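Please take a look at the protein below.

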Amino acid sequence: MAETGKAGIGIFGAGWVGLVTGACFAELGHRVVVRDIVPERIDALRAGRVPIHEEGLSELLERNRERISFTLDAREVAAQAELLFVCVGTPPTYSGDADLSAVWTVLDELPAETRATLVMKSTVPVGTGDKVRAALEARGLGQVGYVSNPEFLSEGRALRDFMQPDRVVIGAFAENDALTVRALYEGLDAPIVQTDVHSAEMIKLASNAFLATRISFINEIANVCEVTGADVEEVAAGMGLDRRIGPHFLRAGIGYGGSCFPKDVSALKQLAGNSGYHFQLLNSVIEVNELQKRRVVGKLKKHLGQLAGKRIALLGLAYKAGTDDLREAASIVLAARLLAEGAEVSAWDPVARPRDELRGATLAGSPLEAVTGADAAVIVTEWDELRDLARDEVRSAMRTPLIVDGRNLLDPQAARAAGFAYEGVGRPTSPFSALPETESPEPRVPR
Ligand code: UGA
């Protein structure tokens with residue numbers, strides 16, 4: 001490890017992808033310099049505070065303190081690194097296209113003397129590589145190489161995904177650039193897919209869109225299970241054993257969220273549309289997902305009648321367990337819908353700390369506090385802390401012992417045996433006799 005000269009790897013963007021990528025490359029023995037434009041973020045990182053919740057990340061950064069540094073100065077990164085990883089955000093615009101302004105800013109900040117290869121980790125539309133190449137030429141930076149190397153990191157297990165990937169995808173214009181990036185991953189036991197830039201960009205978008213499609217598919221199967229008496233958990237297990245199908249991403253629930261699936265599915269749909277192709281399937285995937293988040297409201301009404309004046313506890317706010325990320329979380333849509341129905345909303349999460357997202361809801365310090373006096377508890381995120389929700393203490397604290405399990409986290413039989421009315425997703429519904437009579441019940445569906 002050279003203490004002077006080339007740092008090896010520069011990272012633009014100290015967000016979730018940038019920090020995980022930087023920490024993992026440092027762990028693999030590279031010298032890494034991470035650059036961000038937010039001074040407080042850089043100050044925090046220099047002081048050893050990690051601004052995001054990702055299992056094992058703080059420890060990994062701490063262990064590699066000697067090899068990783070943080071800066072606000074783009075010139076410092078360009079001067080020290082031979083590989084410049086672009087890990088900036090590409091959020092959706094109002095049109096559903098990806099907003100690439102942060103990517104262009106990185107390009108604008110590269111000093112004229114930069115001699116490095118730019119490696120795109122951020123998720124970008126197909127064709128971005130061509131545009132970056134042209135922009136580099138136009139700026140007199142023709143000597144800067146370009147590689148598409150999309151990330152396949154899943155929040156909450158990102159370090160494992162980086163160190164033990166299913167595959168590494170490298171799309172390059174020039175063989176030399178591909179080989180330089182390839183060498184970084186050679187220590188990992190993973191197939192390397194070396195391809196052209198367009199295909200690498202599409203592999204990323206298509207992978208996320210396909211996984212989202214599986215989720216919307218199983219959610220629709222779950223909805224049909226509810227009206228036909230089948231149990232989606234049994235159905236998914238039975239389907240998943242077919243090797244052509246496989247068991248992954250067949251968990252029915254409250255719909256997918258997060259910073260990736262909603263954005264990337266919409267970006268791919270938009271990309272197709274902009275190129276004159278109507279991607280019909282993705283329209284349905286998106287619509288099914290939106291409706292899935294709202295089905296909880298129907299289930300609550302089925303048991304409680306009108307929701308005005310009812311107190312509903314939302315348990316779990318993050319878009320999935322293992323993260324504090326609230327982006328596109330079902331909790332946000334649900335809280336807004338319930339408040340609009342006139343319900344009171346209490347909310348709990350072990351790590352997510354909403355700012356404005358859940359305006360109007362009361363935040364509780366524990367699941368028990370959230371359910372006290374509640375007419376229903378809704379499991380929104382599959383946190384382990386909620387696995388023993390169906391217990392006496394909770395039942396006595398609630399005004400009405402109803403659990404709507406948006407993640408099929410609990411055992412329906414055990415919940416019913418413990419005196420709760422239970423509604424999962426795609427599972428046989430609870431006997432309504434478990435609930436005391438409400439003042440103005442909606443017509444109830446007989447079992
Ligand atoms: C996803 C992909 O899994 C990563 O491979 C990809 O790199 C990443 O997006 C990205 O583009 O950066 P992530 O958003 O962290 O990762 O989370 P997932 O674990 O994929 O879950 C996404 C959403 O789908 C969550 O809301 C989750 O609860 C939901 N989900 C997942 C289901 O509802 N059912 C399932 O069976 C699986």
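Contact here means heavy atoms within 4.5 Å. Leaving aside neighbours within four places in sequence, Leu300 is in contact with Gly305, Leu307, Ile312, Leu338, Ala376, Val378, Leu402 and Val404.

This is a predicted model, in which local features need pLDDT of at least 70, side-chain atom pairs count only at pLDDT 80 or more, and totals for chains, interfaces and linings use all residues. Residues are numbered from 1 along each chain as its sequence is written, and side-chain values use heavy atoms, with hydrogens and water left out.

**Confidence**

pLDDT is the predictor's confidence in each residue, from 0 to 100. Its mean over the protein is 93, and 94% of the residues reach 70 or more. Residues 1–6 fall below 50; this stretch has 9 contacts in the model beyond near neighbours in sequence. Residues 432–447 also stay under 50. For them the model has 34 contacts beyond four places in sequence.

**The cores**

Buried means under 20% relative accessible area, exposed means over 50%, and partly exposed lies in between (1.4 Å probe, protein chains only). A nonpolar core is a set of buried Ala, Val, Leu, Ile, Met, Phe, Trp, Tyr and Cys residues joined through side-chain atoms within 4.5 Å. In soluble globular proteins, nonpolar side chains tend to be buried together.

The largest nonpolar core has 50 residues. Leu300, Leu314, Leu315, Leu338 and Val378 have the most contacts inside it. Several elements each supply at least two residues of this core, including α12, β9, α13 (330–340) and β10 (344–348). Helices (H or I, at least four residues) and strands (E, at least two) are DSSP runs, numbered from the N terminus. Apart from this core lies another, of 39 residues, among them Val32, Ile68, Phe70 and Phe85.

**The ligand**

How many residues surround the ligand? There are 19, and the closest are Glu151, Glu155, Lys204, Asn208 and Arg407. A residue counts as near if one of its heavy atoms lies within 4 Å of the molecule.

| Residue | Distance to a ligand oxygen atom |
|---|---|
| Glu151 | 2.5 Å |
| Asn208 | 2.7 Å |
| Tyr319 | 2.9 Å |

Taken alone, the ligand exposes 710 Å², and the protein buries 95% of that. Accessible areas come from the Shrake-Rupley method with a 1.4 Å probe; for residues, only the protein chains shown count as cover. α9 (197–228) and α11 (261–274) are the elements that give two or more residues to the shell around the ligand. α9 gives the most, with 3 residues.

**Residues in loops**

Lys310 sits in the loop between α12 (280–304) and β9 (311–315). Is Lys310 buried or exposed? Lys310 is buried, because its relative accessible area is 8%. Its side chain reaches the backbone oxygen of Gln306 at 3.1 Å.

Val124 lies in the loop between β5 (117–120) and α6 (128–138). Val124 has a relative accessible area of 6%, so this residue is buried. Beyond four places in sequence, Val124 touches Thr90, Leu100, Glu201 and Leu205. Val124 and Gly89 are 35 residues apart in sequence and 9.6 Å apart in space, C-alpha to C-alpha.

Phe249 has a positive phi of about 55°, although it is not a glycine. Phe249 lies in the loop between α10 (232–240) and α11. With a relative accessible area of 36%, Phe249 is partly exposed. Asn408 has a positive phi of about 50° and is not a glycine either. Asn408 is found in the loop between β13 and α16 (412–417). Asn408 counts as buried, because its relative accessibility is 9%.

Technical notes:
Polar contact = N/O pair within 3.5 Å; in protein donor to acceptor, adjacent residues only side chain to side chain.
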